[in-house]
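User: Could you walk me through how to read salt bridges and pockets in a model like this one? I would like the general idea, then the case here.

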Amino acid sequence: MAKERIILGIDPGTMVMGYSLILQNGNQLSLLRMGVLRLNKYPNHALKLKKIFERVLEIIEEYHPDELAIEAPFFGKNVQSMLKLGRAQGVAMAAALYRDIPIFEYTPRKIKQSITGNGAASKEQVAMMLQKIVQFDHLPDFLDATDAMAAAVCHYFQRSLNIIGDDNNDRTVKIPKAKKTNNSWNSFIENNPDKIIKP
C-alpha cells in the first residue's frame with residue numbers, strides 16, 4: 001500500500017452530486033476538500049451530464065487524485081430515476097478514465113457497513129461517524145458531500161484490508177489504470193504480426 005495517496009470520492013446524483021478528497025498518509029486520513037455540485041438549476045438532463053463531466057475533470061486537474069471511489073446506483077422501483085442516476089455515475093467515471101485514474105465502485109450498503117458497521121445506517125449516522133474517523137469540524141449543508149467522503153473512506157478500508165476486487169457479492173469493481181505506450185502503432189504491430197500484410 002502506498003504511503004501517501006489522494007482518494008476522490010463521488011456520490012453521483014442528478015440533482016446534487018457530492019464529492020470529497022481525502023489524503024491518506026500511512027494510517028492517517030485527512031480531509032482536503034468536500035462539496036457538492038448543484039444540478040437542479042440546469043434545464044435538461046444532457047446539460048447536467050455535461051456539467052458533471054466538466055466538474056469532475058476540474059477536480060482531477062486541481063488535486064490529481066490517485067484513485068476514484070464511487071457509489072454504485074442502487075436498485076429502486078423507478079426505472080427512469082435509475083437510468084438517469086446510472087448515466088450520472090457513468091459520466092463521472094468517464095472523466096476519471098479520461099485521465100487514467102483507476103475506479104473502484106461500491107454499493108451503498110457496502111459503504112455504510114464499512115463506515116458504521118450497519119449497512120442500513122442513515123446519512124446522518126454515516127456523517128457523524130466520518131467526523132470521528134477523518135476529524136473535521138462541521139457537517140456540510142448537503143450530506144451528499146459526506147456520502148462521497150464515505151465512498152473514499154470505504155475504499156481506504158478495503159485497500160487496507162487488501163480485499164479490493166474480491167467481494168463479488170457487493171459488486172465491487174476495479175477498473176485498472178491503462179498502460180501507456182510510447183507508440184501505439186508499433187505496439188499493435190508487435191502484438192499482431194499475423195495481421196500485417198507484407199508486399
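User: Let's start with Arg55: is Arg55 buried or exposed?

Analyst: Keep in mind that this is a predicted model. Arg55 has a relative accessible area of 16%, so Arg55 counts as buried, the limit being under 20%.

User: Which residue does Arg55 form a salt bridge with?

Analyst: The general idea is that side chains of opposite charge can pair when their charged atoms come close. Here the partner of Arg55 is Glu58, with the closest N and O atoms 3.0 Å apart. Both residues belong to helix 1 and sit three residues apart, about one turn of the helix. Glu58 is partly exposed, at 46% relative accessible area.

User: How many salt bridges does the structure hold?

Analyst: There are eight salt bridges. One of them pairs the side chains of Arg33 and Glu62, at 3.5 Å from N to O. Arg33 is in strand 3 (residues 28-38) and Glu62 is in helix 1 (residues 45-63), so this pair ties together parts that are 29 residues apart in sequence. Arg33 is partly exposed at 27% relative accessibility, and Glu62 is also partly exposed, at 49%.

User: And Glu61, what does Glu61 form a salt bridge with?

Analyst: Glu61 forms a salt bridge with Arg99, and their closest N and O atoms are 2.5 Å apart. This pair links distant parts of the chain: Glu61 is in helix 1, while Arg99 is in the loop between helix 2 and strand 5 (103-106), 38 residues away. Glu61 counts as partly exposed at 37% relative accessibility, and Arg99 counts as partly exposed at 36%.

User: Which residues do salt bridges with shared partners join into one network?

Analyst: Those are Arg5, Glu67 and Arg159.

User: Which helix gives the most to the lining of the largest pocket?

Analyst: Helix 2 does, with four residues.

User: What classes of residue does the lining of the largest pocket have?

Analyst: By class, there are 12 nonpolar, six polar and seven charged residues in that lining.

Definitions and conventions
Residues numbered from 1 in each chain as written. Predicted model: local features only at pLDDT ≥ 70, side-chain atom pairs only at ≥ 80, totals over all residues. Heavy atoms only, no water. Helix = DSSP H or I, 4+ residues; strand = E, 2+ residues; numbered from the N terminus. Nonpolar A, V, L, I, M, F, W, Y, C, P; charged D, E, K, R; others polar. Salt bridge = Lys/Arg side-chain N within 4 Å of Asp/Glu carboxyl O. Buried < 20%, exposed > 50% of the residue type's maximum accessible area, 1.4 Å probe, protein only.
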